[in-house]
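Please walk me through the disulfides of this protein.

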Amino acid sequence: MAVLYSLCCVSFSALVIVALYVSPVVSTSRRVLGDYGTLENGFRVTLKHVDSSKNLTKWERIQRGIKRGNHRLQRLNAMVLAASGDSAEVQAPIVAGNGEFLMDLSIGTPPNSYSAILDTGSDLIWTQCKPCTQCFDQSTPIFDPQKSSTFTKLSCSSDLCEALPQSTCSDGSCEYLYTYGDYSSTQGVMATETFKFDSVSVPNIGFGCGEDNEGDGFSQGAGLVGLGRGPLSLVSQLKEPKFSYCLTAMDDTQKSLLLMGSIASANESLGEMRTTPLIRNPSQPSFYYLSLQGITVGITRLPIKESTFALEDNGSGGVIIDSGTTITYLEQAAFRVLKKAFILEMKLPVDPFSSTGLDLCFTLPSGSTQVEVPKLVFHFDGADLDLPAENYMIADSSSGVICLAMGGSSGMSIFGNVQQQNMLVVHDLEKETVSFIQTQCQNI
């Protein structure tokens, strides 16, 4: 079975590496939270790709996103290997994988604005703080806690301090060290502050006030907002453990969205919702693991052993869904089978000299405005996800190629953000599910 891919209108929209930049826009009916209270309704913020303001061609944006995605894959694999005790396989140095989305936030009283990387693969919220012993350049002033009336250091006995993977106690205050699987790290004091999303103020959010921040992966923003499954993350601290996002194509003029709290699932009537359970990995409790049971290309269920995507007892393997990784990466054994199936189904000559950074590209017929591509279905536990063509094929008529927006990996597999474009992706930490609704983000 094949679907038509229109070259006149989808020429690069498939590469939705939408890194986010947030200009939070919608307020809530309840503008202030009590101490770790319940956020009524929640809030939404608009998102912008990290490269959207740069003077780049579409292929350049794609290549930059793939490069960041490769680095992120290395970093995530390094974290898993370190946790499993198999760190001898890690190659050093590994460049930190940058996030693909930025959030605009305000911190403190009076509020100070900054941009932060949005990361569904980690938990800690942090920003650079004065006095800085080691800080990277950022476009906004570094946060000065002495100038905020709502800054309060956390005690060593606080729940958030005890949730840190590594902490020390100094004069009764909690100090943290948070590393990202390579040479990237942030170190400083844990505190609470008032965070503001447009007109929505949320007091007593626990965060890291980083005085020693090192690594190449944070230069797009002034810190990071973790949206992982652990207690330190923003979604966990809001006590409304639900969030969703809708990511548009890189070259789409429509904005991407992040929705936090109860409004995260308020748009479930947009279309058919497909829901799959989350899996827990004790060695990596922050990641959103899914059960991928198989893949169909065209009308053929690929001969891939289900165990190929299984989470191993030592915490390795498995499949995570990640907004910060550009394309989908499959375990090499599965990717080889997928690649072979696409070569057979596409009926176009393979371009062996493509410089796109993608593993499989085909030469487009001269003068074509549409190309038939095989259907692609991901069979998650309880949810068969039939992807639109633009979510896995990327074409550029000027270069004369059409490419598969997927790659191979050794270790974990990652369901990337290109495959998630123009879907409402709902993460429900209470029900421990992820749901997909195919839609256009401007309809939300």
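This is a predicted model: local features need pLDDT of at least 70, side-chain atom pairs count only at pLDDT 80 or more; totals for chains, interfaces and linings use all residues.

Q: Which pattern do the disulfides of the protein follow?
A: Count the bonded cysteines along the chain, then note which number is linked to which. The pattern reads 1-8, 2-3, 4-6, 5-7, 9-12, 10-11.

Q: Is Cys-135 buried, partly exposed or exposed?
A: Cys-135 is joined to Cys-132 by a disulfide with an S to S distance of 1.5 Å. Cys-132 has 30% relative accessibility and counts as partly exposed. Buried would need under 20%, exposed over 50%. At 24%, Cys-135 is also partly exposed.

Q: What is the handedness of the disulfide of Cys-156 and Cys-169?
A: The sulfur atoms of Cys-156 and Cys-169 are 1.9 Å apart. The torsion about their S-S bond is about 90 degrees, so the link is right-handed.

Q: How many residues apart in sequence are the parts that Cys-156 and Cys-169 tie together?
A: Cys-156 is in the loop between strand S7 and helix H3. Cys-169 is in strand S8. The pair therefore ties together parts whose separation in sequence is 13 residues.

Q: Are Cys-246 and Cys-441 buried or exposed?
A: These two cysteines form a disulfide, with sulfur atoms 2.1 Å apart. Cys-246 lies in strand S13 and Cys-441 in the segment after strand S30, so the link ties together parts 195 residues apart in sequence. The cut-off for buried is under 20% relative accessible area. Cys-246 has 0% and Cys-441 has 2%, so Cys-246 is buried and Cys-441 is buried.

Q: What is the handedness of the link of Cys-246 and Cys-441?
A: Look at the torsion about the S-S bond. For Cys-246 and Cys-441 the value is -85 degrees. The link is left-handed.

Q: Which residue in S30 is the bridge partner of Val-426?
A: Strand S29 pairs with S30 in the antiparallel sense over 6 bridges. The two form a hairpin with 4 residues between them, and Glu-432 in the turn has a positive phi of about 55 degrees. The partner of Val-426 in S30 is Ser-435.

Q: Which residue in S30 stands opposite Met-273?
A: S30 is mostly covered, with 5 of its 6 residues buried. Strand S15 runs antiparallel to S30, joined by 5 bridges. Opposite Met-273 stands Ile-437.

Notes: Residues are numbered from 1 along each chain as its sequence is written. Side-chain values use heavy atoms; hydrogens and water are left out. A disulfide is a pair of cysteine sulfur atoms within 2.5 Å. Buried means under 20% relative accessible area, exposed over 50%, partly exposed in between (1.4 Å probe, protein chains only). Two strands pair if DSSP finds at least two bridges between them.
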